[in-house]
Amino acid sequence: MVLSKPRDIIYELVGAYFQRLYTSPVKTKALTSCVFATLGNLISQKLSGTKYLNQDSLVAFALFGLLIGGPVPHYFYMYVTRFVRHPLGFLLIERLLYTPGFVALALYMLARFEGKSHEVSQDQLKKLYWPTLVANLKYLTLLQYINIRFVPPVLRVLFVNAVGLLWSIYLANQRAKVTRDRSRNM
């Protein structure tokens, strides 16, 4: 029978995702993160009304999702859940230790993946780090608590990627503002 109903297609996609997640979790999470990060950047560029897509930015977000955004959270969740069972303890470790480092890594590596020099990447990191970290802690802490407390472990990175789609839009907008401001001042 042909998959004629959207519901059947969704079931097939979810089934395929779970199959891949079981057989190769890091690869699956990396590819999923790549897709979500790229889509978030694309949406951000479209919402900003740009006439031409910034392909360097799209590639940077894709590479970040593939190489860092999927694998790093996978291993973080895997190792921390072995040692910390209480959701509040896990949340504190995630918010106070992991998040500051991950935000710095994300901002720096996105700039590097765009082909910017070390100096320009550092300068961008200095300008964006505190506002981005504060926004992350302010807006994403409740969602992260929901993720830790109520989302089954097998779906946590997928939940983070869904939230990450919105975060990618925010992050791409913030980075674009800094780039525009920098070009105007030159």
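At what angle do helix H3 (residues 55-69) and helix H4 (residues 71-83) pack, and how far apart are their axes? In this predicted model, H3 and H4 pack at an angle of about 25°, with their axes 5 Å apart, where axes are lines fitted to C-alpha atoms, for helices over the stretch in contact, and angles run from 0 to 180 degrees between N-to-C directions. That angle makes H3 roughly parallel to H4 (angles under 35 degrees count as roughly parallel, over 145 as roughly antiparallel, 65 to 115 as roughly perpendicular and the rest as oblique).

Because the model is predicted, local features need pLDDT of at least 70 and side-chain atom pairs count only at pLDDT 80 or more, while totals for chains, interfaces and linings use all residues. Residues are numbered from 1 along each chain as its sequence is written, and side-chain values use heavy atoms, with hydrogens and water left out.

**Overall fold**
- The protein chain has 7 helices and 0 strands, both being DSSP runs numbered from the N terminus (helices are H or I, at least four residues; strands are E, at least two).
- The radius of gyration of the protein chain is 18 Å, close to the 16 Å that the globule rule gives for 186 residues, so the chain is as compact as a globular protein of that length; the radius is taken over C-alpha atoms, and the rule is 2.2 Å times the number of residues to the power 0.38.
- Taken along the principal axes, the C-alpha atoms of the protein chain fill a box of roughly 60 × 45 × 25 Å.

**Contact of H3 with H4**
- H3 contributes Gly65, Leu66, Leu67, Ile68 and Gly69 to the contact, and H4 contributes Pro71, Val72 and Pro73, contact meaning heavy atoms within 4.5 Å.
- By class, this contact has 6 nonpolar, 2 polar and no charged residues (Ala, Val, Leu, Ile, Met, Phe, Trp, Tyr, Cys and Pro count as nonpolar, Asp, Glu, Lys and Arg as charged, and the others, Gly among them, as polar).

**Cavity**
- The count comes to 1 cavity of 30 Å³ or more; on a 1 Å grid over the protein atoms alone, a cavity is a set of points where a 1.4 Å probe fits but cannot get out, a pocket is an open set with protein on both sides within 12 Å along at least five of seven lines, and lining residues have an atom within 4 Å of a point.
- About 550 Å³ of space lies in the largest cavity, a volume being the space filled by probe spheres set on the points, with grid points joined across faces, edges and corners.
- Of the 33 residues that line the largest cavity, Phe102, Asn136, Val160, Gly164 and Trp167 lie nearest its centre, and the lining has 21 nonpolar, 10 polar and 2 charged residues.

**Pockets**
- The largest pocket holds about 360 Å³ of space and is lined by 18 residues, with Gln45, Asn54, Ser57, Ala172 and Ala176 nearest its centre.
- H7 supplies the largest share of the lining of the largest pocket, 6 residues, and by class that lining has 4 nonpolar, 9 polar and 5 charged residues.
- The second largest pocket has a volume of about 250 Å³, and Lys29, His74, Met78, Pro153 and Val154 are the closest to its centre among the 14 residues that line it.
- H4 gives the most to the lining of the second largest pocket, with 5 residues, and by class that lining has 9 nonpolar, 2 polar and 3 charged residues.
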